[in-house]
Amino acid sequence: MKKYILQRLGIAVVTIFAVITLTFFLMHMIPGTPFTRENTNMDADVLAALKSNYGLDKPLWEQYIIYIANILRGNFGTSITYSNRSVADIIKTAFPVSADLGLRALFIGVSLGIALGIGAALHHNKGWDRFSSVIAVIGISVPSFIIGTLLQAAFGLWLSSWVKNVFHTSFQLFPISRWESFRYTILPSLALGIGSVAIITRLMRSSMLDVIGQDYIKTAKSKGISNAAILWKHEARNALIPVVTVVGRMVGSICTGSFVIESLFAVPGLGKYYVNSVTARDYTLTMGLTIFYSMFVVASTLAVDILYCVIDPRVRYTEVGK
Amino acid sequence: MIAIIEIKDLRVSFHAYFGEVQAVRGVNLKLGDGDTLAIVGESGCGKSVTALSIMRIHNMDATEFKSGEILFDGTDLLKISEKEMQNIRGNRIGMIFQDPMTALNPSMTVGNQIAEVLLRHGRSAGGKRLSPKDARERATELLRRVKIPSPERRASQFPHEFSGGMLQRAVIAMAMACSPEVLIADEPTTALDVTVQAQILDLLKEMQREKRASLIIITHDLGVVANIAKSAAVMYGGLVVEAGTIGDIFYRSSHPYTRGLLDSISRESGRKNEPLKSIEGTPPDLVNPPAGCPFTDRCEYAMRVCKDRLPPESALSETHLCRCWMLDPECPLKIERGKL
Ligand SMILES: Nc1ncnc2c1ncn2[C@@H]1O[C@H](COP(=O)(O)OP(=O)(O)OP(=O)(O)O)[C@@H](O)[C@H]1O
Ligand SMILES: [Mg+2]
């Protein structure tokens, strides 16, 4: 097990290094500089001064080496567009918000998805199954910004105007923008989570149906144990194994921010910074966020693989045997 | 003979999207107390469905018990509630399945899976429910009893760490854990290596004797029947076409299908060079089963009546039953019992 984890860590370091290198050169291949957008006919001297200030006048390979050296010292540099803020500082303030939103969405996705999936499998081809497959189709095919907009229309427009008419107050139970208290988190989490609800529902359903047809379920029944024990100890537990992998893959992407949902609901998360940094050629910020993102994804993948070993004994033993 | 299980006119159908599969179409069977009954017949003739019906562990949504009774110790198992059925499963009737490699939950240790049935039904000497620790200990004892080496270590292993033969031993231990009165074994050796088949059969016999259980064994293998069973039922197309003692079936068989089965296994040395006979054709479609005898199309003695009407069960002796028009008193084709 230890050897396996060390090996995986080694691969992770190589992966991240490759991501850094690729992003670095790809970023610099995009035409334009961080300064072109504000003023197209900027004075050449000013531009040169700015460039040398950020070290952008040096040859690319030299910039690359300097950058790598800085990273190894834990220095991700300062943002070019948000000129007085360091990349680390931006991550420190914005990431917790994104992760909070992401985890809430994931929680909705996992709990609702598993429940709907189990229900659908137990009522195979009946009302409940049909209902959950409609949810799944909507969740997969309708983009989250449409769902988000619909939620905003429903709660921000229709519900609040109804509340205003009936109760004569402008109180909003589920506000449609900003990120302040629990009430504020409901709609964006729902909008972000509905896609994963759909994915997990479908997966859990097919996985459950597969397990229910297995011989060992007949064996379990032949022991006379209760239906609840069969469902939880034998069916759901085995059906969850493939779901864990998928959920694990989701953690990385869902927690590092969704530009669309974050801008729609004015959530001050990472997504906004990420997208803006690319359009503004904010090299340091893009690089810093990319590295952070890939480390996060790699770490969560590793965590899932370890968790996988815990829940699926077949994996556990083959790995140990190696 | 006191019957511990008596199946009367059992009819079971499955509702599939393409229609109603009439898997069992009026089966009568009797298992004597302490006896071993073998059910034989080729693939798809309804052996497993009959056995599963005793335990009522089909997928109940699609399954319909159209008629019949399954009397177990006087109680009709088709009438009692699911709760009462759960008290019987694993406790008074145990079941062993064909493929041990898939019969156990892959993510639960073998010891825990045996302990599970003990926790559900087992009682200590004082009549109290077992503690998890006691259940684990008994599970280990059972593994020792079925001759699994180092049972303590094995109990905490997962199914994939066992060989097929070892797993089938564990499955037998599990089915026998609560000393059931009846054990149903659905092709318990088919999936195993030839070399371990005999060992598993011996173990089954031994456990049956020790726990004084009655046994229903489903098999394709007439060698197994001769080895272990006292009586046998031959199934074809969802029906029992012939039933009797081992002697009735092997030496006095009266149904052309039973004869065909016997001819398809190798016999004594003198006839070694003769090619094995096989029965031409395929079993009937159970979605639209024939009105008459299901074997008509493959039977060399088929008459017109065979196609139109299902032959009744004729009693040839107290133990011997057969469904064939040739046994009808009015049949012109007179046959002697056991000689076709
Ligand atoms: N759940 C089900 N749904 C639909 N049809 C089924 C179902 N289970 C069994 N059948 C059908 O019922 C018939 C009898 O099946 P059964 O499993 O009893 O055969 P068997 O005699 O045990 O054969 P084998 O020797 O292959 O195990 C088959 O035609 C099978 O296709
Ligand atoms: Mg079968």
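Let's start where the two chains meet: 21 residues of chain A are in contact with 28 residues of chain B, contact meaning heavy atoms within 4.5 Å. Keep in mind that this is a predicted model, where local features need pLDDT of at least 70, side-chain atom pairs count only at pLDDT 80 or more, and totals for chains, interfaces and linings use all residues. Residues are numbered from 1 along each chain as its sequence is written, chains are lettered from A and ligands numbered from 1 in the order in which they are written, and side-chain values use heavy atoms, with hydrogens and water left out.

How much area do chain A and chain B bury between them? The size of an interface is often given as the accessible area lost when the parts come together. Here that comes to about 2,200 Å², with 55% of it on carbon and sulfur atoms; buried area is the accessible area (1.4 Å probe) that two parts lose on being put together, summed over both. On the chain A side, Lys218(A), Ser222(A) and Lys223(A) lose the most area to chain B, together 26% of what that side buries.

Lys223(A) forms a salt bridge with Glu116(B), and their closest N and O atoms are 2.8 Å apart.

Which helices of chain A do the touching? α8 (215-222), α9 (227-255) and α13 (313-321) each supply at least two residues, and α8(A) gives the most, with six. Helices (H or I, at least four residues) and strands (E, at least two) are DSSP runs, numbered from the N terminus. By class, this side of chain A has five nonpolar, seven polar and nine charged residues. In that sorting, Ala, Val, Leu, Ile, Met, Phe, Trp, Tyr, Cys and Pro count as nonpolar, Asp, Glu, Lys and Arg as charged, and the others, Gly among them, as polar.

Salt bridges turn up elsewhere too: the count over all chains is 25. In one of them, the side chains of Lys8(B) and Glu69(B) meet at 3.9 Å, N to O. Lys8(B) lies in strand β1 (residues 3-16) of chain B and Glu69(B) in strand β4 (residues 63-72) of chain B, so the pair ties together parts that are 61 residues apart in sequence.

Let's finish with a helix of chain B. Phe250(B) sits in helix α10 (residues 246-251) of chain B. Leaving out residues up to four places away in sequence, Phe250(B) touches Leu222(B), Val225(B), Ala226(B) and Leu262(B). How far is Phe250(B) from Asp33(B) in sequence and in space? The two are 217 residues apart in sequence and 22 Å apart in space, C-alpha to C-alpha.

Notes. Salt bridge = Lys/Arg side-chain N within 4 Å of Asp/Glu carboxyl O.
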